[in-house]
Amino acid sequence: MALLEISNITVKFGGLTALSDFSLSMKSGDLVGLIGPNGAGKTTAFNVTTGIYSPTAGDITLAGHRIDGQLPYKINHAGLARTFQNIRLFSNLTVLDNVMVGFSNSAAHGLLGTFLRLPRFVNERTLLRAQSMELLETMGLADLHARPAGSLPYGGQRRLEIARALATRPKILLLDEPAAGMNPNEKIDLMHLIGFIRERFNVGIWLIEHDMKLVMSICQRITVLDHGQIISVGTPQQVQSDSKVINAYLGEPA
Amino acid sequence: MLLKKSDQLPSPVGRPWLHTLLQNVWVLAALAAMVFFARWLENPDHFNAYYFQIVMMVGITITLAVSLQLINGVSGQFSLGHAGFMALGAYLSAYATKTYGGQPIAQGNGDYFSDPGGVMGYFLALAIALVVAAGPMLLIFLAVRQLRRLSSALPAVGMLLLLAWIAMDVVVASKHQPVPYYCVWTHGWKGCIDLFNALLRQIPNLSTVFGHLSLSARQPLSFAIALLGGGLVAAGSGLIIGIPTLRLRGDYLAIATLGFGQIVQVLIINSEPLGGAVGLTAIATYQSIDEDNLPQRCISPWIFGTALIAFLLIWRLVHSSQGRAMKAVRQDEIAATAVGINTTASKVLAFVVGAFFAGVAGGLYAHLNGALSPDTFSFIYSVELVVIVTLGGLGNLWGALIAAVLVTLLPEVLNNADRLPHMTSQSAIRFAHGLAANRRVVYALVLIAVMIIRARWRDWVHGRWRWTG
């Protein structure tokens with residue numbers, strides 16, 4: 001059974017249809033790509049899946065539970081985590097704090113535990129720090145843990161945003177243009193990182209990306225959007241040879 | 001899988017309860033030391049009434065500043081209603097001790113604390129009546145909210161219609177005697193007030209619960225209940241105000257909280273039992289009875305104990321996962337909600353904890369002064385607290401503490417410039433008096449200067465200062 005099932009989602013902003021009749025199905029551990037020209041509705045698809053927008057029509061289920069129209073934090077608790085196209089780190093907090101924010105969902109000590117520093121709080125705090133450091137170690141950011149997140153180099157910020165999303169223990173990770181603004185070497189690193197994350201944390205990955213080389217080489221399946229409509233679905237080879245896709249990117253043949 | 005839920009992992013700390021003990025035992029020691037130190041501090045030979053008042057106001061202002069720092073600085077919600085929360089705590093705790101705190105039993109006015117049961121009964125009755133009133137209101141509110149399934153504009157229209165109905169109801173009821181049967185809201189409120197009064201009649205029963213305690217035990221107990229009650233009422237109103245208004249951002253939230261402060265002030269001015277515009281007078285200042293059966297000033301451990309506890313608890317909150325969530329919400333609300341933080345709950349928590357300590361500080365203020373005037377809790381007082389918090393640096397608890405001390409002391413020092421040593425120049429003294437009289441203008445100028453300098457102090461240090469850009 002599919003883990004994430006998006007069926008016939010439509011998003012309208014007034015008279016503008018940003019996304020129409022969008023469907024997608026992901027199994028645990030899948031690596032799925034979403035591509036399309038600028039303004040095709042890719043980020044809208046992410047925003048509606050993670051609850052930032054409510055769909056006008058259609059429904060989304062995660063592991064059998066309806067999540068469409070839920071508040072974003074509840075969708076995150078259900079098992080979806082995401083990164084943003086324009087990096088949205090808590091830039092004044094330290095690198096470690098950023099990751100700990102993601103982990104904090106599972107903190108079970110209540111307000112009384114915080115106020116009185118009850119044994120439960122002491123335990124949780126130590127565990128939280130250890131787990132966060134372990135995660136940062138895995139992502140190669142452990143040395144920078146005390147720096148403000150905003151002071152990291154660009155690639156580091158991208159990695160930290162992924163680490164923060166992973167800290168919420170997602171079943172599916174949504175990456176919105178992770179390679180944007182990276183040089184070719186960094187892109188190769190990112191490619192390895194995505195493969196590594198998928199194996200290590202056993203998460204499904206849904207990826208928006210403009211870099212065709214990256215998308216075509218790692219994704220199992222690709223959905224192509226144009227003007228809010230799905231124009232093609234299939235393996236990288238199928239999509240690459242689809243004339244509709246070529247037309248969408250390069251324009252109609254004269 | 002690498003990432004496990006923490007409850008599936010073994011305890012990482014040996015003897016965690018030892019940490020708990022070590023972190024809390026010094027607080028008790030510090031509170032005990034304050035009680036001991038109070039004997040010296042409150043001896044009229046050491047401090048006259050004027051100096052004593054100033055030192056006590058420093059303690060109250062610290063509590064207020066630190067609690068506002070949690071709301072404005074840490075969670076980043078710009079609130080201008082802190083004086084409103086303080087007023088609620090001040091008036092309700094003062095009214096409770098004054099009316100239900102027991103009869104005078106010795107000379108002086110230090111005896112309104114002989115009946116903890118009365119004070120407790122008052123707050124219990126208030127809480128029950130409020131829950132009875134709030135239950136149907138909450139149901140109606142939730143029902144109105146369901147309208148958004150039909151259209152996003154409908155809840156607002158529904159609320160407006162509801163408010164119009166309530167207003168019409170009250171107007172009609174005020175013009176007819178007896179009140180017509182169709183004035184549902186007026187009858188509902190009258191029912192709640194009747195319930196409140198019926199519950200209050202049960203107070204003598206509650207008093208007997210504490211009857212066997214000695215007077216020296218009953219006094220601090222009833223004062224503690226009055227302070228806690230005032231704080232909880234403020235916290236409850238923070239919850240009711242916070243849930244709808246904290247969805248607003250920036251200026252809109254500031255205006256909504258400002259409105260709350262005004263509403264509290266107007267309610268107090270129009271409330272006869274609370275003294276109206278004249279104010280509530282003849283409140284017992286907190287005194288205990290010493291060995292010779294004479295009233296003895298002893299409010300300082302309460303004031304500074306509250307300041308210590310407020311600072312400590314808020315410090316712990318800020319440095320916990322809840323506090324980290326608040327800071328994350330301040331930085332980027334969308335990112336925070338995307339990593340699983342319930343942003344509304346996080347903001348409401350900051351608001352409620354901040355309001356609670358403001359309420360307790362209000363109770364202390366009432367029982368320090370012995371009289372309350374609604375003018376004290378004006379919008380300007382909220383602004384003054386915001387100035388303190390901003391001067392201390394948003395989010396900086398120590399800064400708020402230091403700024404609270406300085407801003408409380410400075411006007412008094414300037415007012416007494418003529419009594420300072422080596423102060424002989426008449427014009428300097430006049431200038432100091434002028435500054436103290438116009439301190440609010442000075443605050444504004446200082447705030448503007450802080451904003452400019454704080455944003456560019458690096459440029460300043462490196463000699464790259466420019467006034468523009």
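Colleague: How many nonpolar, polar and charged residues are in the lining of the second largest pocket?

Modeller: The lining has 17 nonpolar, ten polar and ten charged residues, where Ala, Val, Leu, Ile, Met, Phe, Trp, Tyr, Cys and Pro count as nonpolar, Asp, Glu, Lys and Arg as charged, and the others, Gly among them, as polar. This is a predicted model: local features need pLDDT of at least 70, side-chain atom pairs count only at pLDDT 80 or more, and totals for chains, interfaces and linings use all residues. Residues are numbered from 1 along each chain as its sequence is written, chains are lettered from A and ligands numbered from 1 in the order in which they are written, and side-chain values use heavy atoms, without hydrogens and water.

Colleague: Why is this space called a pocket rather than a cavity?

Modeller: On a 1 Å grid over the protein atoms alone, a cavity is a set of points where a 1.4 Å probe fits but cannot get out, whereas a pocket is an open set with protein on both sides within 12 Å along at least five of seven lines. The second largest pocket holds about 1,700 Å³ of space.

Colleague: What makes a residue part of the lining, and which residues lie nearest the centre?

Modeller: A lining residue has an atom within 4 Å of a point. For this pocket 37 residues qualify, with Ser54(A), Gly69(A), Leu71(A), Arg148(B) and Arg247(B) nearest its centre. Helix H2 (72-78) of chain A is one of the elements giving two or more residues. H13(B) gives the most, four residues; helices here are DSSP runs (H or I, at least four residues), as strands are (E, at least two), numbered from the N terminus.

Colleague: Why is the pair Asp332(B) and Arg88(A) called a salt bridge?

Modeller: The rule asks for a side-chain nitrogen of Lys or Arg within 4 Å of a carboxyl oxygen of Asp or Glu. Two salt bridges are found across the interface of chain B and chain A.

Colleague: How much area is buried between chain B and chain A?

Modeller: About 4,000 Å² is buried, of which carbon and sulfur atoms give 63%; the value is the accessible area (1.4 Å probe) that the two parts lose on being put together, summed over both. The contact (heavy atoms within 4.5 Å) takes 39 residues from chain B and 48 residues from chain A.

Colleague: Where does Asn8(A) lie, and what is its phi?

Modeller: Asn8(A) lies in strand E1 (residues 4-13) of chain A. Its phi is positive, about 50°, although Asn8(A) is not a glycine.

How values were computed: Points joined across faces, edges and corners; volume = space filled by probe spheres on them.
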